[in-house]
Amino acid sequence: QLNKGILVESELDDIVIDNIPIVTPNGETLIQSLDLIIKPGMNIVITWPNGAGKSSLFRILACLWPLMGGKITRPSLEKMFYVPQRPYMPAGTLRDQIIYPHKKNEMNQKGVTDEDLKSILKDIGCEYLISRENGFESDSDWNYVLSGWEKQRIAMARLFYHKPIFAILDECTSSTSLDVEALLYNKAKSMGITLFTISHRLSLFKYHDHVLKFDGEGGWIFVTLKNYEEMI
């Protein structure tokens, strides 16, 4: 039985992963030991065959899965933002979709206005939603009103609203076209958001400078994108 690991929340913005095993909640060991130091600005694409366990590292970072050994030092979770493939659309207004999980009073405290949200929607090519849906106060069943690609763009709008240091992007542009994908990734990078992208899409690799590749059999490599391209 492995000892429980240690998770330290640090004032620093580095993520230091020191000799941690990746173990599922049902006890299956996916990786015996992982060692990484990730600094802001190190944009990393993560590949894992057949999707098995591809989000496991982030589940451990977010304390959704137990840390079964080693040590993780990371900034507070407020500095990290997760963008899933199928974003959750809460009950509420159009504004609520963009600022989730914030409410309007939290948005006001942050000093963000509807004009700022309009600018974010413009950045993602969805400014038309404001007139189509009759303004930010409109209330709908957004799961039905928005298309798959609109939901994915709204999830990226949330990222631009929250402006975290680290973004975990889990196949989050799978329904968008390559030009929209480029728009969203370049916008995130221009804002200084450090990207962790979980994907097999080779079109995404160019927005990153490192590759973390798991082989599905307990092995892993962490290399620069340049070195990775020379390997394949």
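Predicted model: local features only at pLDDT ≥ 70, side-chain atom pairs only at ≥ 80, totals over all residues.

Colleague: Why is Asn134 called exposed?

Modeller: The relative accessibility of Asn134 is 68%, and since exposed means over 50%, Asn134 counts as exposed.

Colleague: What makes the phi of Asn134 worth noting?

Modeller: Phi of Asn134 is near 65°, which is a positive value in a residue other than glycine. Most residues other than glycine have a negative phi. Asn19, in strand S2 (residues 15-23), also has a positive phi, near 55°.

Colleague: What makes the pair Glu9 and Arg74 a salt bridge?

Modeller: The closest N and O atoms of Glu9 and Arg74 are 3.1 Å apart, and because the rule asks for a side-chain nitrogen of Lys or Arg within 4 Å of a carboxyl oxygen of Asp or Glu, the pair counts as a salt bridge. Glu9 lies in strand S1 (residues 6-9) and Arg74 in strand S5 (residues 71-74), so the pair ties together parts that are 65 residues apart in sequence.

Colleague: How do you know whether Glu9 and Arg74 are buried or exposed?

Modeller: Glu9 has a relative accessible area of 51% and is therefore exposed, the cut-off being over 50%, whereas Arg74, at 2% relative accessibility, counts as buried, for which the value must be under 20%.

Colleague: Which other pairs meet the salt-bridge rule?

Modeller: By this rule the count comes to 11 salt bridges, among them Asp14 with Lys39, where the closest N and O atoms are 2.7 Å apart. That pair links distant parts of the chain, with Asp14 in the loop between S1 and S2 and Lys39 in the loop between strand S3 (29-38) and strand S4 (44-47), 25 residues apart. Another pair is Arg132 with Glu133, at 2.8 Å; here Arg132 is partly exposed at 38% relative accessibility, while Glu133 is buried at 11%.

Colleague: Why is Asp96 said to have no salt bridge?

Modeller: Asp96, in helix H2 (residues 94-99), is buried, and the nearest side chain of opposite charge, Lys103, is 5.3 Å away. Leaving aside its neighbours within four places in sequence, Asp96 is in contact with Pro90 and Ala91.

Colleague: Where is there a cis peptide bond?

Modeller: A cis peptide bond joins Tyr100 and Pro101, with omega about 5°, and Pro101 itself is in the loop between H2 and helix H3 (104-109). Most peptide bonds are trans.

Colleague: What lines the largest pocket?

Modeller: The largest pocket holds about 660 Å³ of space. Of the 24 residues that line the largest pocket, the closest to its centre are Leu77, Met80, Phe81, Tyr82 and Pro101. S6 gives the most to this lining, with 4 residues, and the lining divides into 17 nonpolar, 3 polar and 4 charged residues.

Methods:
Residues numbered from 1 in each chain as written. Heavy atoms only, no water. Helix = DSSP H or I, 4+ residues; strand = E, 2+ residues; numbered from the N terminus. Buried < 20%, exposed > 50% of the residue type's maximum accessible area, 1.4 Å probe, protein only. Lys, Arg positive; Asp, Glu negative; His and termini not counted. Contact = heavy atoms within 4.5 Å. 1 Å grid on protein atoms, 1.4 Å probe; cavity = no way out; pocket = protein on both sides within 12 Å on 5 of 7 lines; lining within 4 Å. Points joined across faces, edges and corners; volume = space filled by probe spheres on them. Nonpolar A, V, L, I, M, F, W, Y, C, P; charged D, E, K, R; others polar.
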